[in-house]
Amino acid sequence: MIKINNLSKIFRQKDTQVTALENITLEIEKGDIFGVIGMSGAGKSTLLRCLSGLEKPTGGTVEINGSRVSLQKGAGLGRQMGVVFQGYNLLMQKTVRQNVALPLEIAGRDKETRRQKVESLLKTVGLADKADCYPSQLSGGQKQRVAIARALANDPQILLCDEPTSALDPMTTGQVLDLLKEINSRLSVTVVIITHELGVVKSICNKVAVISNGRIAETGPARQVLGSPGSNATKLLLEWRV
Ligand SMILES: Nc1ncnc2c1ncn2[C@@H]1O[C@H](COP(=O)(O)OP(=O)(O)OP(=O)(O)O)[C@@H](O)[C@H]1O
Ligand SMILES: [Mg+2]
């Protein structure tokens with residue numbers, strides 16, 4: 001469903017250049033909960049931004065169901081993909097309801113459709129009672145749920161999540177992961193989770209790619225990769241339990 005072929009991204013500034021991604025080749029299948037794990041600075045967010053069409057790769061391609069992800073700004077935010085950003089990115093001046101309704105407004109849905117859809121999304125993420133609150137009135141886990149509801153507004157086939165639980169305590173992390181699992185199984189949404197936490201991969205991912213210094217160190221079924229790591233990058237993650 002998602003085919004990443006030889007993807008690379010080099011950030012060039014005046015006299016320096018940073019190779020954030022180098023020859024990334026990966027396949028993510030429909031129905032996967034696919035984890036991308038790596039240390040800080042490994043290139044995880046850059047990969048997600050290239051997947052969603054928010055960042056133009058220096059080389060290589062991303063295909064979704066056989067068609068190339070367009071490189072226009074914001075292109076990935078259409079029907080195929082929903083994105084949950086590192087740090088929520090909610091609009092603080094808008095209520096929960098208005099935040100979730102925004103992608104529906106942009107997509108030109110009428111008022112009644114928007115009302116019904118927002119109601120059902122807030123029910124899905126367990127926040128029906130917070131519809132008229134502002135983000136500042138919510139806990140971290142609740143904000144993350146709003147971000148997930150907003151990402152699901154246009155019924156995407158794929159949900160890309162950048163560090164969805166890194167700011168949350170263990171119990172709230174568990175609740176958000178359960179929600180992602182439910183979205184995967186009940187709504188048949190393929191989920192890609194970017195994380196630096198082994199626990200996240202262990203608890204919900206069926207497959208994993210370990211990324212280190214912009215390259216794929218190892219990829220395969222999560223149980224296999226974590227159970228008998230074949231790369232130093234994985235061993236380091238296991239050793240540090242990050
Ligand atoms: N816009 C940019 N301009 C220049 N360099 C960048 C830019 N964005 C990212 N980088 C560099 O690319 C590398 C990968 O960054 P990225 O944000 O993808 O890491 P990450 O794995 O998401 O890290 P973290 O776990 O801390 O979020 C880093 O060295 C970073 O400094
Ligand atoms: Mg990041």
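Analyst: The helix α1 gives three residues to the shell around ligand 1, the largest share of any element. This is a predicted model, in which local features need pLDDT of at least 70 and side-chain atom pairs count only at pLDDT 80 or more, while totals for chains, interfaces and linings use all residues. Residues are numbered from 1 along each chain as its sequence is written, and chains are lettered from A and ligands numbered from 1 in the order in which they are written.

Helices here are DSSP runs of H or I with at least four residues, strands are runs of E with at least two, and both are numbered from the N terminus. Among the 13 residues around ligand 1, those that come nearest are F11, A20, S40, S45 and T46; a residue counts as near if its C-beta atom, placed from the backbone, lies within 6 Å of the molecule. Two elements, β2 (17-28) and α1, each give two or more residues to this shell. By class, the shell holds four nonpolar, eight polar and one charged residues, where Ala, Val, Leu, Ile, Met, Phe, Trp, Tyr, Cys and Pro count as nonpolar, Asp, Glu, Lys and Arg as charged, and the others, Gly among them, as polar.

Turning to the helix itself, α1 spans residues 44-51 and is largely enclosed by the rest of the structure, because seven of its eight residues are buried. These are K44, T46, L47, L48, R49, C50 and L51, and buried means that 20 or more other C-beta atoms lie within 10 Å of the residue's own, against 12 or fewer for exposed and a count in between for partly exposed, with C-beta atoms placed from the backbone. After α1 comes G53, which has a positive phi near 85°.

As for the wider setting, the domain assignment, which is automatic or taken from a database, divides the protein chain into domain 1 (2-80 + 158-240) and domain 2 (89-155). Their centres, taken over C-alpha atoms, are separated by 24 Å. Ten residues of domain 1 are in contact with nine of domain 2, contact being C-beta atoms, placed from the backbone, within 7 Å. On the side of domain 1 that touches domain 2, helix α5 (residues 170-186) gives the most, with five residues.

How values were computed: Contact = placed C-beta atoms within 7 Å.
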